[in-house]
Amino acid sequence: MLRNIPVNMQGYKLMITEAPQEKTREKDGVQEFVKDREGVQQFVVSLFAKRRVQPGEFAGKGEEIKVTLTADPGEGFEEGVYVQLIDATVSHWENDNGSGLSFKAGGLAPANAQIPAAA
């Protein structure tokens, strides 16, 4: 199964619809914090993604996506703020309940920030 495929989201406007928070999951009826294999806390943010269009083009509908962040994004990322993803990846998942795509990123940056290219 393909995992952690780099994805270029530069052609999309990304607006925060739910501010980043620590990622949790329910295990045996108890909420627990989600950490990676090295024990680092994961975060999650909800974004509304809509394609950027050129004059005269039809924008179409957007879609809300949840993105797991591998680091604390820090302050200033509240609902309504436009952002870009740092080192974004997408993975396909499948289980007994269905299938889909999961998004992950190393962090968030303001929409107008210059981000160095990934190595």
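## Working chat on an all-strand model

User: Where does Asp-28 lie?
Analyst: Asp-28 lies in the loop that runs between strand S3 (24-27) and strand S4 (30-33). Strands here are DSSP runs of E with at least two residues and helices are runs of H or I with at least four residues, both numbered from the N terminus.

User: Before we go on, what kind of model is this?
Analyst: This is a predicted model, in which local features need pLDDT of at least 70 and side-chain atom pairs count only at pLDDT 80 or more, whereas totals for chains, interfaces and linings use all residues. Residues are numbered from 1 along each chain as its sequence is written, and side-chain values use heavy atoms, with hydrogens and water left out.

User: Back to Asp-28, then: what is its phi?
Analyst: The phi of Asp-28 is near 55 degrees, which is a positive value in a residue other than glycine.

User: And why does Asp-28 count as exposed?
Analyst: Asp-28 counts as exposed because its relative accessibility is 75%; the classes are buried for under 20% relative accessible area, exposed for over 50%, and partly exposed in between, with a 1.4 Å probe and protein chains only.

User: What about Asp-87, what is its phi?
Analyst: Asp-87 is not a glycine, yet its phi is positive, at about 50 degrees. It sits in the loop between S7 and strand S8 (89-95), and with a relative accessible area of 49% Asp-87 is partly exposed.

User: Let's switch to the fold: how many helices and strands are there?
Analyst: The secondary structure comes to zero helices and ten strands. The C-alpha trace spans about 50 × 35 × 30 Å along its principal axes, and of the 119 residues, 26% count as buried.

User: In what order do the strands of the open sheet come?
Analyst: The open sheet has eight strands in the order S1-S8-S9-S6-S5-S2-S7-S10, with mixed pairing. Strand S1 (5-6) and strand S10 (107-110) stand at the edges with a single partner strand each, so one side of each is left without a neighbour in the sheet. Two strands are taken as paired if DSSP finds at least two bridges between them.

User: In which sense do S6 and S9 pair?
Analyst: S6 and strand S9 (residues 98-105) pair in the parallel sense over three bridges, and Leu-69 stands opposite Ala-105 in S9.

User: And which pairs involve S7?
Analyst: Among them, strand S2 (residues 12-22) and S7 pair in the antiparallel sense over two bridges, where Leu-14 stands opposite Val-83 in S7. S7 and S10 also pair in the antiparallel sense, over four bridges, and Ile-86 stands opposite Gly-107 in S10.

User: How far apart are Thr-17 and Ser-46?
Analyst: Thr-17, which is found in strand S2, is 29 residues from Ser-46 in sequence and 5.5 Å from it in space, C-alpha to C-alpha. Thr-17 is partly exposed, with a relative accessible area of 22%.

User: Last topic, which residues form the negative surface patch?
Analyst: The negative patch is formed by Glu-22, Asp-72, Glu-75 and Glu-78. Patch residues have over 30% relative accessible area and no salt bridge, with like charges joined within 9 Å and nonpolar side chains (Val, Leu, Ile, Met, Phe, Trp, Tyr) within 5 Å. A salt bridge is a side-chain nitrogen of Lys or Arg within 4 Å of a carboxyl oxygen of Asp or Glu.

User: Where does Glu-78 lie?
Analyst: Glu-78 lies in the loop between strand S6 (63-69) and strand S7 (82-86), and at 46% relative accessibility it counts as partly exposed.

Methods. Areas by Shrake-Rupley, 256 points an atom, 1.4 Å probe, with all protein chains shown as cover. Lys, Arg positive; Asp, Glu negative; His and termini not counted. Charge placed at Lys NZ, Arg CZ, Asp CG, Glu CD.
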